[in-house]
Amino acid sequence: MREPACAPSGDRLRLRYQPFYCEENIWWLCAEPPTDVRMAQVIFVASQGGACPIAEQRAGGAAGLVWWDYHCIALDEQRRIWDLDSRLPLPVAAGTWLERSFPHEVRLPAWLQPCFRVVAAAHYLADFASDRRHMRSADGGWLQAPPPWPCIGAGNTLSGYRQPGDPAGPGQRLDLDAFKAFVG
């Protein structure tokens, strides 16, 4: 296996990271956290409309805005957000991450408002599996280069995590206001 890529923030921490595979990056962050850090929750961010605008994202070029179909981050026990795709510091206070990642949420229609699926990190480590089918084109090619590590788990539980409206999915579903209250 190749050496894990460095976290993109320029931080000195060495974390497994592959662009466009946030759910796997966060799984590895929970499995191999930095010294003296413990992940408490894994959070999937999406919208009912199928695309959620998130600011301060490195994939967003100069503007920093990306319309992700979903995004995955972690919350540590100190209530800090770990967003490996963000331009913000790693980690960053949850309130700062929310304020900077969703600066215009009040102007968004209800169907584009961010929704959050909050799952205990231990549950995510035990349950998550992805065969990466969501990253394949119709002809079987890769939409984005896959990580150098093998697929995580057997099968594919990813779809249950990334659908904010699915009541059968794991964890707790929260709207933006409820998530702000949850992280304090």
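Analyst: Let's go through some salt bridges and their surroundings. This is a predicted model, where local features need pLDDT of at least 70 and side-chain atom pairs count only at pLDDT 80 or more, while totals for chains, interfaces and linings use all residues. Residues are numbered from 1 along each chain as its sequence is written, and side-chain values use heavy atoms, with hydrogens and water left out.

User: What is a salt bridge, and how many does the structure hold?

Analyst: A salt bridge is a side-chain nitrogen of Lys or Arg within 4 Å of a carboxyl oxygen of Asp or Glu. The structure holds seven of them. One of these joins Glu24 and Arg132, whose closest N and O atoms are 2.8 Å apart.

User: Where do Glu24 and Arg132 lie?

Analyst: Glu24 is in helix 1 (residues 22-31) and Arg132 is in the loop between helix 3 (121-127) and helix 4 (158-162), so their pair ties together parts 108 residues apart in sequence. Helices (H or I, at least four residues) and strands (E, at least two) are DSSP runs, numbered from the N terminus.

User: Are Glu24 and Arg132 buried or exposed?

Analyst: Buried means under 20% relative accessible area, exposed over 50%, and partly exposed in between (1.4 Å probe, protein chains only). Glu24 is buried at 0%, and Arg132 is buried at 5%.

User: Which residue forms a salt bridge with Asp76?

Analyst: Arg80 does, with the closest N and O atoms 2.7 Å apart. Asp76 is buried at 1% relative accessibility, whereas Arg80 is partly exposed at 23%.
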